[in-house]
Amino acid sequence: MSVVIEARDVTFAFGQTAALRGASVAVDAGEILAVMGPSGSGKSTLLHCLAGILVPDSGEILFDGVRVDAMTETQRSSLRRDRFGFVFQFGQLVPELTAVENVALPLLLSGVHRKQALPKASAWFARLGLDGLEQRRSGELSGGQAQRVALARGLVAEPQVLFADEPTGALDSLTGEQVMDLLVSAAREQGTTVILVTHEPRIAAYADREVMVRDGRVNAPDRIAS
Amino acid sequence: MSVPLTLLGLLEREPSHGYDLKRDYDAFFGRGKPLPFGQVYSTLSRLARDGKVVISDVAPGSGPDRKRYIITDVGATEVEQWLTQPVDPEPHLQTVLFAKVVLALMLDRPAAEYLDTQRSAHLRRMRELTEIKRAGSLVDALLADHGLYHLEADLRWIEMTGARLDALRKEVRP
């Protein structure tokens, strides 16, 4: 397995408050990594740095061996659009768009024609048990349905890395596990690397490996032990 | 797991031979720990002696497997009582985890490292159970969930204890 994305000795502060204090983590291609830690430990900040949303104050972020932290905002924006997928705690679907348009959004933003994008997006509805909901708007979907739509949107462009920040945090246990089951199956089929931020052990148990973030540093017990 | 009560419960569904009872027990409750035939028949003998089952007929042929067992009213009442009574909630106040943490603190050993190692082991087991759940039947999932929720409770305790180690150290090493 080769490392696809990596943080090396990353620091980041929100004003005077240090969120990351030398965080390092490497994720293999196709791996599903759970990033765990208590509230305020820096796990979401680490995810945002890895995804090129935040630029570290020091240290390096490498994706496919290329320094993400040294890219311009435009380059990072392209990277996020073309190579990365995202799923957040509250689906964050665009309320004005139908479910299928929401799923097609990453394709449309990448310049794929609507005629190609919408059928490709529609194909995800059967796959995720969302048949018949294509034309609904986000307000007409249950929490679990909306999160599955968000998952389809995160994966439709076949990203190399999917960043999932507490993707089941707003769902009940059973619905949350159904979403995780679909996420893992879809990611494995596509060979997508997944970086999953969660504070729930039951959700982390869907990953191949976990790391703990504590006080802005990463502790990776499995790697240390091996 | 109470073998006699579980066998009685299986008999309440329908009269069965010992072989059928063993097969169903292993399928639903054995989980890699099959019930020995000897234990099936010795349990059924005791249940018959105590009037909880009767032998309905003995088919021609040899071997104990030819006997067909039927639950009696006494047996059915016992199953009914068992199913309606809650299991004693076990507080697990003196677990090995607890003892290890307190001893590590007393002996000035790295308790936080122990908790990290234990967390990792728990999560590894939770991954195994999650795989069983994803690949198996609904019955497998139900059993795996039971294990997962217990492990998760331990993990919460591990997190809480980890956050209190400094205070605990002062208490056990005055």
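**Reading helices, strands and a chain contact**

Guide: Start in chain A. Helix 1 (residues 43-50) of chain A lies across strand 3 (32-36), strand 7 (161-165), strand 8 (193-197) and strand 9 of chain A. Helix 1 of chain A runs at about 150° to strand 8 of chain A. Helices (H or I, at least four residues) and strands (E, at least two) are DSSP runs numbered from the N terminus. Axes are lines fitted to C-alpha atoms, for helices over the stretch in contact, and angles run from 0 to 180 degrees between N-to-C directions. This is a predicted model: local features need pLDDT of at least 70, side-chain atom pairs count only at pLDDT 80 or more, and totals for chains, interfaces and linings use all residues. Residues are numbered from 1 along each chain as its sequence is written, while chains are lettered from A and ligands numbered from 1 in the order written.

Visitor: Which order do the six strands of the open sheet have?

Guide: Strands of a sheet pair through backbone hydrogen bonds, either parallel or antiparallel. Here the order is 6-7-8-3-9-10 in chain A, with mixed pairing. Two strands pair if DSSP finds at least two bridges between them. Strand 6 (84-87) and strand 10 (217-219) of chain A are the edge strands, each pairing on one side only. Neighbouring strands of this sheet are turned by 20° against each other on average, direction ignored.

Visitor: How many bridges join strand 9 to strand 10 of chain A?

Guide: Three, between antiparallel strands; strand 9 covers residues 209-214. V213(A) has V218(A), in strand 10 of chain A, as its bridge partner.

Visitor: At what angle do helix 5 and helix 8 of chain B cross?

Guide: Two packed helices are described by the angle between their axes and the distance between the axes. The axes of helix 5 (residues 96-106) and helix 8 (residues 165-172) of chain B cross at roughly 70° and come within 9 Å. Helix 5 and helix 8 of chain B are therefore roughly perpendicular to each other (65 to 115 degrees; under 35 is roughly parallel, over 145 roughly antiparallel, the rest oblique). V102(B), L105(B) and M106(B) of helix 5 meet L168(B), R169(B) and V172(B) of helix 8. Contact means C-beta atoms, placed from the backbone, within 7 Å.

Visitor: How many residues of chain B are in contact with chain A?

Guide: Twelve, and they touch eleven residues of chain A. Helix 6 (111-135) and helix 7 (138-163) of chain B each supply at least two residues of that side of chain B. Helix 6 of chain B gives the most, with eight residues.

Methods. Two residues are in contact if their C-beta atoms, placed from the backbone, lie within 7 Å.
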